Amino acid sequence: MMIPRLPELRNGMDQPELSIVVVDSDGCTDTLNCLESIFKCPPNTTFEVILVDNCSQHSCLQEAQRLFPAVHTLQAPERQGFSRNYNLGMHHARGRCLLILNNDTLARAGALDTLLAAAREHPEYALIGPRIRGRDGRIQSFCARPNLTLAWYLARLLLLDQGLPSGRLWERWQAARLERRISGPVACISGACMLGRREALLQIGLLDEGFDFYFEDVEWCHRAQRRGWQVGYVSEAEIIHLGDQSLSKVKVWAKKSEYRSALRYYQMYYRLGNLGSRLLWMVTTLSYTLRFLVFTIREMLTGKAGYAAAYAELISWITGSEESRRSKPKPGAASGLDGS
């Protein structure tokens, strides 16, 4: 595993109750809106905000410091993945609790205080997540989910992806179910907003940097529970996640990373052998092909460009050499197919 440790704080160091880590990767508008929401709805305790810039083409560090002078800023050494950026921020954090927060989220009034209250009331929780709603007001089901077994993941690839009608119906049913779900232990929460207790993170470690994008939150929750901790879901705390979960954008680099991350996760925790790895490859190839056909037909009927070309590239990649599938592109690298 590639798991950095959280450094011990020096005795006598001033320690806020909460450290909030936000990462910007060429999303300046979203990042500034996220920071504004934090300072408009701050926790009723001492806190610090750490902003990490992921080598953005148009960095917003200076603008963030101008608008929010209290923000601490860091520059990533190179363009890198989700885990490395948030680990960089957490490595510099001083809080008793550490919150990783996507830059395309908005904190609602009282949400941060409610998460901190849950951390105080439930010392058995290593990681805590809120209820997450999309821009449409609907709950996003990944904020409280069961263990992502291989069978479940393969079913989602084929039938339940939100780019498909069946997937959108499934998501609506899941959202309705989560409206009734109360706070309590869950198997997994979302990396869009995760609160970690420092004492727990000192034991379980930070995010596994072997995951560039996808599965890093799933693995973190899994690892915490293997070490005897619980993962908590707090329905009374809500944040808004503006990220598009409907595949209106197809990011080729992210899809490639998802495949590599899934393969790594199931090999780590489910002892995925050659047969299982082959099955994962076959189902991923089939899912790309189905989506290529769907987008091709849609483009023919509407005359509007879609994402058939993106899935054609993905099919070429997944059916190419194993060496090409192992190579890692720079996260968010500029490409007309990335929808960035």
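With seven of its ten residues buried, α3 is largely enclosed by the rest of the structure. Helices (H or I, at least four residues) and strands (E, at least two) are DSSP runs, numbered from the N terminus.

All of this comes from a predicted model, in which local features need pLDDT of at least 70 and side-chain atom pairs count only at pLDDT 80 or more, while totals for chains, interfaces and linings use all residues. Residues are numbered from 1 along each chain as its sequence is written, and side-chain values use heavy atoms, with hydrogens and water left out.

Strand β1 is tucked away too: seven of its seven residues are buried, so β1 is largely enclosed by the rest of the structure. In a regular strand, side chains alternate between the two faces of the sheet. In β1 both faces are covered, with Leu 18, Ile 20, Val 22 and Asp 24 buried on one side and Ser 19, Val 21 and Val 23 buried on the other. β1 and β2 run parallel and pair over seven bridges, pairing being called when DSSP finds at least two bridges between two strands. Within this pair, Ser 19 has Glu 48 of β2 as its bridge partner, and Val 22 sits opposite Leu 51 of β2.

Asn 103 ties several of these pieces together. This residue belongs to the loop between β4 and β5 (105-107) and, with a relative accessible area of 15%, is buried. Neighbours within four places in sequence aside, Asn 103 touches Val 22, Val 23, Asp 24, Gly 27, Asp 30, Thr 31, Cys 34 and Tyr 86. Arg 145, 42 residues away along the chain, has its C-alpha atom 22 Å from that of Asn 103.

Over in α8 (residues 216-226) there is His 222, which counts as buried at 15% relative accessibility. Sequence neighbours within four places aside, the contacts of His 222 are Tyr 265, Tyr 269 and Tyr 270.

The axes of α9 (residues 252-269) and α10 (residues 274-302) come within 11 Å and cross at roughly 155°; axes are lines fitted to C-alpha atoms, for helices over the stretch in contact, and angles run from 0 to 180 degrees between N-to-C directions. That crossing makes α9 roughly antiparallel to α10, given that angles under 35 degrees count as roughly parallel, over 145 as roughly antiparallel, 65 to 115 as roughly perpendicular and the rest as oblique. The α9 contact residues are Lys 255, Tyr 259, Ala 262, Leu 263 and Gln 267, and those of α10 are Ser 277, Leu 280, Trp 281, Thr 284 and Tyr 288. By class, these are six nonpolar, three polar and one charged; Ala, Val, Leu, Ile, Met, Phe, Trp, Tyr, Cys and Pro count as nonpolar, Asp, Glu, Lys and Arg as charged, and the others, Gly among them, as polar.

The axes of α5 (residues 150-160) and α9 lie 11 Å apart at an angle of about 160°, which makes this pair roughly antiparallel. Here Leu 150, Tyr 153, Arg 156 and Leu 157 of α5 meet Glu 258, Ala 262 and Tyr 266 of α9, a set with five nonpolar, no polar and two charged residues.

For α5 and α10, the axes come within 8 Å and cross at roughly 20°, so these two are roughly parallel. On the α5 side the contact uses Tyr 153, Leu 154, Arg 156, Leu 157 and Leu 158, and on the α10 side Leu 279, Leu 280, Val 283, Thr 284, Leu 286, Ser 287, Leu 290 and Arg 291. The tally for this contact is nine nonpolar, two polar and two charged. Leu 279 of α10 is partly exposed, at 39% relative accessibility.

Key. Buried < 20%, exposed > 50% of the residue type's maximum accessible area, 1.4 Å probe, protein only. Contact = heavy atoms within 4.5 Å.
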